[in-house]
Amino acid sequence: LWLAGTTTTVNESVKLTAPAGSYDLLLHLPDPTPGLLERPEYSIRTANEGTWEPKTGFNSLQKTLTIQ
């Protein structure tokens, strides 16, 4: 549960199998309802300015991941 006016930290470990390179980090929070999952206008949009991608429904974290 993420509440307005609070800071939430998510710590997660993932194993990636991707070629070396630089990747933009994005957050996608789609509506899980069948029929809406693939519709970007039903994805959760963060309140941060300049992060929303309306065509994809993704939120840019404005960070780059570099895999060596």
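Select T51 and T46: the side chain of T51 makes a polar contact with the side chain of T46, at 3.2 Å. A polar contact is a pair of N or O atoms within 3.5 Å; within protein, one must be able to donate a hydrogen and the other to accept it, and residues adjacent in sequence count only if both atoms are side-chain atoms. The model is predicted, so local features need pLDDT of at least 70 and side-chain atom pairs count only at pLDDT 80 or more, whereas totals for chains, interfaces and linings use all residues. Residues are numbered from 1 along each chain as its sequence is written, and side-chain values use heavy atoms, with hydrogens and water left out.

Keep T51 selected and display its surroundings. Leaving aside neighbours within four places in sequence, T51 is in contact (heavy atoms within 4.5 Å) with T46, F58, N59, S60 and Q62. T51 has 5% relative accessibility and therefore counts as buried, a term for under 20% relative accessible area with a 1.4 Å probe, protein chains only.

Next, select residues 21-28 and then 52-53. These are strand 1 and strand 2, and T51 is found in the loop between them. Strands are DSSP runs of E, at least two residues long, and helices are runs of H or I of at least four, numbered from the N terminus.

Finally, show the whole protein. It has three strands and zero helices. Its radius of gyration, taken over C-alpha atoms, is 14 Å, well over the 11 Å that the globule rule (2.2 Å times the number of residues to the power 0.38) gives for 68 residues, so the protein is more spread out than a compact globule. Of the 68 residues, 12% count as buried.

Conventions:
Buried means under 20% relative accessible area, exposed over 50%, partly exposed in between (1.4 Å probe, protein chains only).
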